[in-house]
Amino acid sequence: MTVRIAILREDRAATNLPAGHVLLAEVGDASIIGASDTMLWSSGNAALIGYAFHRHDGSPCSALAPDAVKQLVRSEGAWAIAKLWGSYVLVWADDEGRVFLLRSPLTGPALFQVADIERPQSATRARAHCAFTDLSLARSLGFALNRPDVGVVDAYLRYPLLRGPGAGLAGVTEVLPGEISRLDQPGRRSSSWLPWDYATAPPVRADAHELGEIVRGCVAAWSGRFSRVQLELSGGIDSSIVAACLAGRDLPWRAITMVTAEPDGDERAYARAVAERAGVPLAELMLPQDPADPIAPPASLRVRPGGFGLIAPTDAAFLASAREFGADAIFSGTAGDGAFGYQTSIAPALDALAYEGPRAAFRAARDQARITGDNIWSALRHAIRGYFRGIRLWPVDDLLLTSTHASERPWHPWMVDAERIPPGQRRYGLGLLSIQPFLDGYDRARVMPKVAPLLSQPLIEFGLGVPSWQWGEGGVNRALARDAFRRDLPDVVLNRRSKGRILSMFLPAFEQNRKRLSAYLLDGWLAGSGIIDLDMVHAMLSGRRAADSIDMLRILQFADIEGWARSIVGARDAP
């Protein structure tokens, strides 16, 4: 979400603000700095930045009453988690002047902290504590922040899509979604949001109508904050459900779908059917046939590596289309897999066994087999193995990495004591972590609000209490969500089980840039840091060793990380 702020507390008052930024508010002895058009409401000794909604009716929260601020302070932030939802940062000071931060659960803007650090570029050389959402702004305030953390980068590759507190830069930590931290003492406070607080045991069988009402309420709340909306519509079930919810919108909106030259990414038949049902215009964005440059430098300076670099032209095209339409927000179906309980493991059958016994477990195993295209006997073997051995918390991917910086899985608060949660519900909760990199990984989300309404807090908290096997009943993924919107979607989408693929965008970029990738990676930051297996990478890029599609995507990922690292240390050429 597009919130660019810094919350600064230092020994001496700041004398100069970066160009284009103003002092937005003061909370305790901390200054909030940002652009003059930042959405910020200051109420006494608290400030709310971004989009927040009241839990009881979904209405916008644009100010905190004095009594609400008192409850916020008294509860150390727990009041806001219970009463509000949305995408916001909340800052407040307690009676002793200590300043606290809350990043809203699940969808809050990425928020980072540096503590008790000297600002080498500051005229006063004062020591400071700072939280920020934008690395360029933090640097302009005098923080160098120019050293990638080798261990964090290795873990980012080794444990895919897992974002822990280590933020990729030395001395920087991330305030994780739903986390409450103290400005001068970074670290999770006990009142922070935790998914397992909503994982009902035993889970309560859900009603499709209730699910539909929650989804409609979340989408309507978000929709009401913007005048013109563009929905990125793939024609899959998730974005189609968002379209169905937007269909009753009075203000202007339209849908847009991406079309690749190859048939693997052409989903127009589905998107057209949904747009026709919703009564909304559909723009069709044809992507160029020529592959993107895999070693193009990133357009933005980021604390963490961004999304897949080869999607940058698509990202730019989506943004340009939204601007052409005059949209002031981009909506998407991002996170629908997680919100609607789509699982491809045997975990739901193990939950059914624990709560309802062998017959329910057999039915759930059969359903999972149908979802994954497996057979029941294979599914039962997986269930037996999972029952006795357990199901690991997070996958490991050592492909083309050395063991130099290999370490245990990064600490994450959601994984502490997570094994007490039945595996299906646990997979639902932990699966939300793999969505986080896609919320802020692409530049259009830094320019215009990009809303993922299916990741809204009320919906996810409801989903955590649903029996994990109910989502896939009948061997249909997202079965409960399909039932909830059966009257609102065309049959061609309701009956769809496949997903669009865009490998045709990536693999030509590898084949056509082998020599450039070789020169870029073998003498670069990743190589010098001892992270990547140089012999294997060289063998694949030179053609001495065959590279399959997984190998190619891995090497292209290395190119993304290399470009990010060079942008951090300030070198376009290899170090």
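The legends below describe close-up views of a predicted model.

The structure is a predicted model in which local features need pLDDT of at least 70 and side-chain atom pairs count only at pLDDT 80 or more, while totals for chains, interfaces and linings use all residues. Residues are numbered from 1 along each chain as its sequence is written, and side-chain values use heavy atoms, with hydrogens and water left out.

**View 1. Helices H11 and H12.** This view shows helix H11 (residues 358-372) with helix H12 (residues 376-389), whose axes come within 9 Å and cross at roughly 120°. Helices (H or I, at least four residues) and strands (E, at least two) are DSSP runs, numbered from the N terminus. Axes are lines fitted to C-alpha atoms, for helices over the stretch in contact, and angles run from 0 to 180 degrees between N-to-C directions. The angle between the two axes makes H11 oblique to H12; angles under 35 degrees count as roughly parallel, over 145 as roughly antiparallel, 65 to 115 as roughly perpendicular and the rest as oblique. The crossing of H11 and H12 is right-handed. A crossing is called right-handed if the near helix is turned clockwise from the far one by less than a right angle, and left-handed if anticlockwise. On the H11 side, Phe362, Ala365, Arg366 and Ala369 meet Ile376, Ala379 and Leu380 of H12. The residues of this contact comprise six nonpolar, no polar and one charged. Ala, Val, Leu, Ile, Met, Phe, Trp, Tyr, Cys and Pro count as nonpolar, Asp, Glu, Lys and Arg as charged, and the others, Gly among them, as polar.

**View 2. Helix H11 and its surroundings.** With 15 residues, H11 reaches 21 Å from its first C-alpha to its last, close to the 21 Å expected at 1.5 Å a residue. The expected span is 1.5 Å times one less than the number of residues in the helix. Ala360, Ala361, Ala364, Ala365, Asp367, Gln368, Ala369 and Ile371 of H11 are buried. Buried means under 20% relative accessible area, exposed over 50%, and partly exposed in between (1.4 Å probe, protein chains only). An α-helix has 3.6 residues a turn, so residues three or four places apart point the same way. The cover over the buried residues of H11 includes helix H10 (347-356) and H12. Just after H11, Gly373 takes a positive phi of about 75°.

**View 3. Leu353 in helix H10.** Leu353 belongs to helix H10 and, at 31% relative accessibility, counts as partly exposed. Leaving aside neighbours within four places in sequence, Leu353 is in contact with Pro358, Ala361 and Tyr387; contact means heavy atoms within 4.5 Å. The C-alpha atoms of Leu353 and Ala364 are separated by 8.9 Å, and these residues are eleven apart along the chain.

**View 4. Helix H4 against helix H23.** Helix H4 and helix H23 (residues 549-569) pack at an angle of about 155°, with their axes 12 Å apart. This angle makes H4 roughly antiparallel to H23, and H4 passes H23 in a right-handed crossing. Val153, Tyr156 and Leu157 of H4 meet Arg554, Gln557, Phe558, Ile561 and Trp564 of H23. The residues of this contact divide into six nonpolar, one polar and one charged.

**View 5. Asp154 in helix H4.** Asp154 is found in helix H4 (residues 150-158). Asp154 is buried, with a relative accessible area of 0%. Beyond its neighbours within four places in sequence, Asp154 is in contact with Thr402, His405, Ala406 and Ile531.

**View 6. Ala322 in helix H8.** Ala322 lies in helix H8 (residues 312-325) and is buried, at a relative accessible area of 0%. Apart from its neighbours within four places in sequence, Ala322 is in contact with Gln230, Ala327, Ile330 and Met448. Ala322 and Leu231 are 91 residues apart in sequence and 9.1 Å apart in space, C-alpha to C-alpha.

View 7. The peptide bond from Ala201 to Pro202 is cis, with omega near -5°, and Pro202 lies in the loop between strand E11 (180-182) and helix H5 (208-223). Glu76, a residue other than glycine, has a positive phi near 55°. The loop that holds Glu76 runs between helix H1 (66-74) and helix H2 (78-83), and Glu76 is partly exposed, with a relative accessible area of 31%. Ala335 also is not a glycine, yet has a positive phi of about 85°. Ala335 is placed in the loop between strand E15 (329-332) and helix H9 (336-339), where Ala335 is buried, with a relative accessible area of 9%.
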